[in-house]
Amino acid sequence: MSSTNISDISWYYDFPPFFTLQPNLDTRRKQLDAWCSLVLDYCRLKKIFTFDVNDAKKFPLFFNTKINRQLDNNFIQVLLEELRSRGNIEWQDKNKRHCLVLWKSIEEWAKTVHHWITSRGMNGTVCTFYELLYSDDTLSAEFHKIDENLFRRILMELERRGQATVFSDNGAEGVKFL
Amino acid sequence: MGSLFGKKSHKSSRQPAITEQDRAILQLKQQRDRLNQNRRRIETQLEREREVAKQLLKNGQKERALLLLRKKKMLEMQLDKSEGILENVERMTHELEFAQVQVDVVNSLRQGTDALKKMNEILKLEDIEKLMEDSREAMEYQNEVSNLLAGSLSRADEQDVEAELDELIRAEEAQHIGRLPDVPQRRERERDRIPVISPTRVKQRVLAEAD
């Protein structure tokens with residue numbers, strides 16, 4: 001998937017006005033819709049789970065070298081706020097610099113993890129975070145090597161549903177699934 | 001994040017409780033993870049050192065290559081050792097997990113037995129005997145009632161009923177007797193027609209019928 005061109009997932013990516021916030025509200029709405037789905041598609045494709053505003057200048061999607069256009073800071077802020085209001089990003093800090101990118105909602109992630117656990121008969125067992133995220137056992141699982149903060153957030157959701165308990169013992173962090 | 005505390009308040013009621021065994025398993029699994037990490041590290045190191053040794057040999061630095069290979073050998077031995085430890089840790093983890101399952105099973109069996117005992121207390125033998133006696137009496141009473149009700153027809157009525165029954169039986173028999181002679185007649189007529197067909201066909205047909 002790494003060779004996929006961004007233009008392949010969106011034809012308007014090479015359209016210069018796409019990179020300038022449109023003054024007409026109707027047009028702007030459509031433009032933001034398109035940007036939101038582009039960001040989510042891109043992150044899903046590249047398996048990106050977090051975004052740091054400080055690194056926005058390094059985020060390949062916000063640059064189109066082919067037409068020599070890039071998003072300015074204001075546009076990025078508007079776009080992030082739009083994504084947040086749709087529940088597609090979740091700020092990790094008060095300063096709104098670092099966020100989780102949720103191209104799959106926390107609820108869906110929680111279901112995925114729980115389904116995986118159940119299908120392997122691992123209910124009632126204790127697992128380490130490392131085992132779930134990095135071991136060969138989870139190679140085929142969708143949550144293999146996902147961002148640890150996102151993983152914690154998913155476990156929090158599972159705790160809320162009463163399907164897991166996160167605990168630590170002598171610095172070892174683990175989770176018990178129900 | 002403020003809502004975190006609100007969520008924690010009902011944590012204990014709905015979520016699986018963490019036991020001492022769970023903590024022990026977590027510790028074991030963490031050791032397993034560490035051993036796995038260690039193994040991965042040694043494996044990549046071995047890979048790299050093999051490359052470096054090759055390079056050294058190419059450059060004619062035989063002494064250093066030998067030194068490196070010795071170090072590599074040591075790492076390999078360490079790797080073997082850690083494999084052994086890993087196996088032990090994993091076996092221990094499995095045993096702990098299985099023991100926990102066994103404890104759960106025994107507890108469930110005990111619960112089941114207790115429940116069964118309680119049920120049996122409800123079903124006292126004398127009570128059952130009394131119940132069966134009562135139900136037999138009730139059944140007898142019911143029979144008596146039906147007999148009384150059936151007996152409400154007069155003698156004459158009974159005779160009429162029996163006469164009608166006899167008539168029905170006779171009619172049925174007469175029908176049977178009247179129909180019986182028809183069967184051979186039809187057969188004969190069929191047989192009369194057979195000579196019209198060639199004798200071989202008849203033979204064939206007879207054989208077929210015999211089958």
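I began with the largest pocket. Its lining takes at least two residues each from α5 (129-134) of chain A and from α3 (20-58) and α4 of chain B. I took a pocket as an open set of points on a 1 Å grid over the protein atoms alone, with protein on both sides within 12 Å along at least five of seven lines; a cavity is a set where a 1.4 Å probe fits but cannot get out, and lining residues have an atom within 4 Å of a point. Helices (H or I, at least four residues) and strands (E, at least two) are DSSP runs, numbered from the N terminus.

The model is predicted: local features need pLDDT of at least 70 and side-chain atom pairs pLDDT 80 or more, while totals for chains, interfaces and linings use all residues. Residues are numbered from 1 along each chain as its sequence is written, chains are lettered from A and ligands numbered from 1 in the order written, and side-chain values use heavy atoms, without hydrogens and water.

**Pocket, continued**

Which element gives the most to the lining of the largest pocket? I found α3(B), with seven residues. The pocket holds about 450 Å³. Volume here is the space filled by probe spheres set on the grid points, which are joined across faces, edges and corners. I counted 22 lining residues; E131(A), S135(A), D137(A), R32(B) and E90(B) lie nearest the centre. By class, the lining has twelve charged, six polar and four nonpolar residues. For the classes, Ala, Val, Leu, Ile, Met, Phe, Trp, Tyr, Cys and Pro are nonpolar, Asp, Glu, Lys and Arg are charged, and the others, Gly among them, are polar.

**Cavity**

Rolling a probe the size of a water molecule over the atoms shows where empty space is left. I got one cavity of 30 Å³ or more. The largest cavity holds about 70 Å³. Its lining has eleven nonpolar residues, one polar residue and no charged residues. Among the lining residues are V39(A), C43(A), T50(A), F51(A), L79(A) and V101(A). In chain A, α2 (25-46), β1 (50-52) and α3 (73-85) each supply at least two of the lining residues. The largest share, three residues, comes from α3(A).

**Salt bridges**

I searched the whole structure and found 29 salt bridges over all chains. The cut-off is a side-chain nitrogen of Lys or Arg within 4 Å of a carboxyl oxygen of Asp or Glu. One network links E131(A), K29(B), R32(B), D33(B) and E97(B).

I then checked pairs within helices. R44(A) and D41(A) meet at 3.1 Å, N to O. They are three residues apart in α2 of chain A, so about one helical turn separates them. R84(A) pairs with E81(A), the closest N and O atoms being 2.9 Å apart. That pair is also about one helical turn apart, because R84(A) and E81(A) are three residues apart in α3 of chain A. In chain B, D134(B) bridges to K130(B) at 3.3 Å. Both lie in α5 of chain B, four residues apart.

How covered are these side chains? Buried means under 20% relative accessible area, exposed over 50%, and partly exposed in between (1.4 Å probe, protein chains only). R44(A) is partly exposed at 40%, and D41(A) is partly exposed at 30%. D134(B) is partly exposed at 36%, whereas K130(B) is exposed at 52%.

**Chain B surface**

Chain B has eight helices and zero strands. Buried residues make up 14% of its 211 residues. I noted a nonpolar surface patch of M119(B), I122(B), L123(B), L125(B), I128(B) and M132(B), with about 640 Å² of accessible area together. α4 (62-122) and α5 (125-150) of chain B each give it two or more residues. α5(B) gives the most, with three. Patch members have over 30% relative accessible area and no salt bridge; like charges are joined within 9 Å, and nonpolar side chains (Val, Leu, Ile, Met, Phe, Trp, Tyr) within 5 Å. Areas come from the Shrake-Rupley method with a 1.4 Å probe; for residues, only the protein chains shown count as cover. L125(B) counts as exposed because its relative accessibility is 64%.

**Backbone check**

Most residues other than glycine have a negative phi. K96(A) has a positive phi of about 55°. K96(A) lies in the loop between β4 (89-91) and β5 (98-101) of chain A. K145(A) has a positive phi of about 60°, and lies in the loop between α5 and α6 (148-160) of chain A.
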